Amino acid sequence: MLRSFILMSGLGLFLAGCQPVPSAEELNQDLVVETDYDDTVNFNNFTTYTLTLDTLGLISNTTNDTLQLGGYARDVTAKIKANMDARGYTYVDKSQNPDLGFVAFLVSDFSVYQTISYPSYGGGYYSPYYGYYYPRVNTYASNSTVLILQLVDLNTKTTQNQFRLIWRGFIGDLSSSVDPYQKSVAAIDQAFVQSAIIGK
Amino acid sequence: MKRSIFIIILIGWVNSLQAQYFDKTYSLALDVNVPLSNTDYVNKVSARGFKLGYREMINEKLFGGVDFTNSTYTKHVPRKTYYNGTNALTSDLFNYVYSYGLTLSFDYFFSTEQKLMPYAGLGVGASYMSYQQFFNVYSNKNDSWGVLVRPQGGFLYKLKEDARWAFLAGIHYDYSSAKSKDFELDAFNNLGVQLGVIMLEW
């Protein structure tokens, strides 16, 4: 009796205690801000930049739209412009041959995937005692959204005939975080704070 | 006459009890651990660990068997910026270490037929450590295996001398050679206290 109790209690403790993880509420309080830059570039050499105001690019597997408009796009681009202006660059229209191009876009991914398992003893599909084991289907869904910032040198093209990427920033995850609208706008400031290289 | 027979039977029963030695034990204990190394990575007391143990008698005072243990160590690092060359990352971090141990263990009991049974022992076996770091929806993971050495001591306490179960209280020190290259962590040491129950079988 006591042995059964010990074994069952042990199993319960094992299931309850073996791999606890932080709660989603704890994890998603703040967004992750990651930046990187090309250290062969002298950011002092640039004077002007351009940016599509009030519009963000959109790459999503749930909609055919390629642009994100509205208040969020307006706030994000305004925050980028404020930071670029503060670093000494001058905003110009893209028809005025700017040195730098600032690109901001959202990448949203919604994924559903399934696993199929056959609960059985000894790996067999058919049990002579219990008949066929029916497959168990587990369905998982995940949704993630990242705000991507890119700064390109419009005076230099790569061998693939693309403008040279000299700085980038990732801000995520906007899908699961608490108050992603305000926090992602504020995170743009952080992307610049941790990128002291940007500036004249 | 009846009273004499009853006393004779009672004495015989008590004598047979005194002659009984438990030869197997099953134990379950809550295992509370404090990390002693890598405290920059994890520093909180692990209160959700446990130990499952099994022993068989080798001789009257020496028992051998296996222990399976599990504990989880954590630390929350507040939001800050980490620089690595041209790369910078700002986040708060939740550092976790999931520790599993399976040891061949031997315990020497200084006395076995009393209510209080102190013991000292040693366990040697395998250690599996899963080092994980959570930040927002992202995570890093690095698993490693190593050798686990666990000197331990404590006592069993029976409420009655002929009880088939006892309370268990013990203390142990663990050395695990399971390092993490990715997180640049050294061998893992911890000090633990175990409180639980043990079944005595004969």
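Two strands pair if DSSP finds at least two bridges between them. Strands here are DSSP E runs of at least two residues, helices are H or I runs of at least four, and both are numbered from the N terminus. Keep these terms at hand for the tour. This is a predicted model, in which local features need pLDDT of at least 70 and side-chain atom pairs count only at pLDDT 80 or more, while totals for chains, interfaces and linings use all residues. Residues are numbered from 1 along each chain as its sequence is written, with chains lettered from A and ligands numbered from 1 in the order in which they are written.

**Stop 1: a pair of strands in chain B**

Select Thr25(B) and Arg55(B). Thr25(B) stands opposite Arg55(B), which belongs to S2(B). Now widen the selection to strand S1 (residues 24–35) and strand S2 (residues 46–57) of chain B: the two run antiparallel and are joined by nine bridges.

S1(B) also pairs with strand S8 (residues 188–201) of chain B, in the antiparallel sense, over twelve bridges. To find this pairing, pick Lys24(B) and look across to Glu201(B) in S8(B).

**Stop 2**

Next, select Asp40(B), in the loop between S1 and S2 of chain B. Is Asp40(B) buried or exposed? A residue is buried if 20 or more other C-beta atoms (placed from the backbone) lie within 10 Å of its own, exposed if 12 or fewer, and partly exposed in between. Asp40(B) has 12 C-beta neighbours inside 10 Å, so it counts as exposed.

**Stop 3: a buried threonine**

Move to Thr74(B), in strand S3 (residues 62–84) of chain B. Thr74(B) is buried because 22 other C-beta atoms lie within 10 Å. Which residues does Thr74(B) touch, not counting residues up to four places away in sequence? Show Val42(B), Lys44(B), Phe94(B), Asn95(B) and Tyr96(B). Touching means contact: the C-beta atoms of the two residues, placed from the backbone, lie within 7 Å. Leu93(B) is 19 residues from Thr74(B) along the chain, with 10 Å between their C-alpha atoms.

**Stop 4: where the chains meet**

Show both chains together. Chain A brings 32 residues to the contact and chain B brings 27. On the chain A side, helix H1 (2–17) and strand S1 (32–37) each supply at least two residues, and H1(A) gives the most, with eight. That side of chain A has 13 nonpolar, 13 polar and six charged residues. Here Ala, Val, Leu, Ile, Met, Phe, Trp, Tyr, Cys and Pro count as nonpolar, Asp, Glu, Lys and Arg as charged, and the others, Gly among them, as polar.

Then pick S1(A) and strand S4 (residues 87–109) of chain B, which run antiparallel with three bridges between them. Val33(A) faces Thr90(B) of S4(B).

**Stop 5: two helices in chain A**

Now hide chain B. Chain A has four helices and ten strands, and buried residues make up 25% of its 200 residues. Select helix H3 (residues 71–86) and helix H4 (residues 180–193) of chain A: they pack at an angle of about 15°, with their axes 10 Å apart. Axes are lines fitted to C-alpha atoms, for helices over the stretch in contact, and angles run from 0 to 180 degrees between N-to-C directions. H3(A) and H4(A) are therefore roughly parallel to each other (angles under 35 degrees count as such).

Show side chains where they meet: from H3(A), residues including Tyr72(A), Val76(A) and Ile80(A), and from H4(A), residues including Val185(A), Ile188(A) and Phe192(A). The residues of this contact divide into seven nonpolar, one polar and three charged.

**Stop 6**

Most residues other than glycine have a negative phi, and most peptide bonds are trans. Zoom in on Gly172(A) and Asp173(A), joined by a cis peptide bond with omega of about -5°. Asp173(A) lies in the loop between strand S10 (163–172) and H4 of chain A.

Asp54(A) is not a glycine but has a positive phi of about 70°. Find Asp54(A) in the loop between strand S2 (48–51) and strand S3 (56–60) of chain A; with 14 C-beta neighbours inside 10 Å, this residue counts as partly exposed.

Finish at Asn161(A), also not a glycine, with a positive phi of about 60°. The loop between strand S9 (136–157) and S10 of chain A holds Asn161(A), which counts as exposed with 6 C-beta neighbours inside 10 Å.

Note on methods. Angles under 35 degrees count as roughly parallel, over 145 as roughly antiparallel, 65 to 115 as roughly perpendicular and the rest as oblique.
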